[in-house]
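Hello,

Here is the structure I said I would pass on. My notes on it follow below.

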Amino acid sequence: MPQLWWYLALSAVLFTIGVVGVIIKRNVIAMFMCIELMLNAVNLTFVAFSSFFQDINGQLFVFIVMTVAAAEAAVGLGIIITIFRNRESLDVDDASILKL
Amino acid sequence: MLALLFIIFAGMAIGCAVAVVAQRNPLYSAISLIGVFISLACLYVMLAAPFIAAVQVIVYAGAIMVLVVFVIMLLNVEEEERRRPRLKFLVPVAIGLAAVLVAETSFIMYSVRFSPFTPTENVSNTGLTSQIGTGLFTTYLLPFEITSVLLLMAIVGAMTLTRRSASLSPTARIVPGTQILAMDILTPGSSENLTAVETDTTTEAALLLGVKPRQAPEEDEEI
């Protein structure tokens, strides 16, 4: 029977991989996908706590986090397309002055 | 049996997550990320949260990843080139910070494992769709409504960001007849490129600028 801390450990590992990806990646889209990975790691923590303590609130939070992630995907990809249109590159070092 | 399933799905998730970071081609990263989402959905089913598992597959592996893959293919991204590592002096700092993070995480694990609040052993009926619906429409009604406003803002924001004539002034008009447009108006990034773009018709110029053509003749300098 899996224990609660198994899920927490898996979530911590996934979150760490996401952080490492955001730090070492230079492609904007790859960084974006690593952020999604981190959001999913947090979702796993919510669902694990919710299931083990029989409290539905954690799963409602996951629902809201997913909605925010969808909104973030739409706006983030719009920003990525605008950056690419203006700079012809997806490298974050080329867009470091925060000005289009 | 459950432990074996957990190990299988957790291994899949970690392996695919490592592949997301390790791949140089963003498309392969996206495919690996879908693998992470699917294995997390399996873990949600094991945690007796079928609704969240279904939403995970539909929203994440479906909608969001289709959007990401679409953008990757639209922008035609090549593999990123390998670079020389910079900021070598920060490596010890990074190792120290990672040690702090590991210590914090293991402390949380320790507290969870030996806390007096032990999880109940009953058969769980949390996670049923009806319970989630009840919670969303009673306790969390206001956050739910705010979420809809947030989605509307995301739609408007994405459309505004990706509009081609975002930098064009609102007073710009299209005059009937042949148009000569500066390259700078069409693509604001190309300030060094001063080539003029010649169009044959008014509608073609309106298409390039992304504005509606006006019927009334106006002065040229307003463009």
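**Packing of two helices in chain A**

Helices α2(A) and α3(A) run roughly antiparallel to each other, because the angle between them is over 145 degrees. That angle is about 175 degrees, and the two axes lie 9 Å apart. Please keep in mind that this is a predicted model. In chain A, α2 covers residues 28-52 and α3 covers residues 57-87.

On the α2(A) side, the residues that meet α3(A) include V28(A), I29(A), F32(A), E36(A), L39(A) and F46(A). Their counterparts in α3(A) include F61(A), V62(A), V65(A), A69(A), I80(A) and I83(A). By class, the residues of this contact divide into 14 nonpolar, six polar and one charged.

**E36(A)**

E36(A) is part of helix α2 of chain A. This residue counts as buried because 23 other C-beta atoms lie within 10 Å, where the cut-off is 20 or more. Leaving aside neighbours within four places in sequence, E36(A) is in contact with A69(A), L33(B) and I64(B). Between E36(A) and I17(A) the C-alpha to C-alpha distance is 11 Å, with 19 residues separating them in sequence.

**Nonpolar core**

The largest nonpolar core has 65 residues, and I29(A), M33(A) and L37(A) have the most contacts inside it. At least two residues of this core come from each of α1, α2 and α3 of chain A, and from each of α1, α2, α3 and α6 of chain B. The most come from α2(A), which gives 14 residues.

Regards

Conventions: Residues numbered from 1 in each chain as written. Chains lettered and ligands numbered in written order. Predicted model: local features only at pLDDT ≥ 70, side-chain atom pairs only at ≥ 80, totals over all residues. Axes fitted to C-alpha atoms, helices over the stretch in contact; angles between N-to-C directions. Helix = DSSP H or I, 4+ residues; strand = E, 2+ residues; numbered from the N terminus. Parallel < 35°, antiparallel > 145°, perpendicular 65-115°, else oblique. Contact = placed C-beta atoms within 7 Å. Nonpolar A, V, L, I, M, F, W, Y, C, P; charged D, E, K, R; others polar. Buried ≥ 20, exposed ≤ 12 C-beta atoms within 10 Å, placed from the backbone. Core = buried A, V, L, I, M, F, W, Y, C linked by C-beta atoms within 7 Å.
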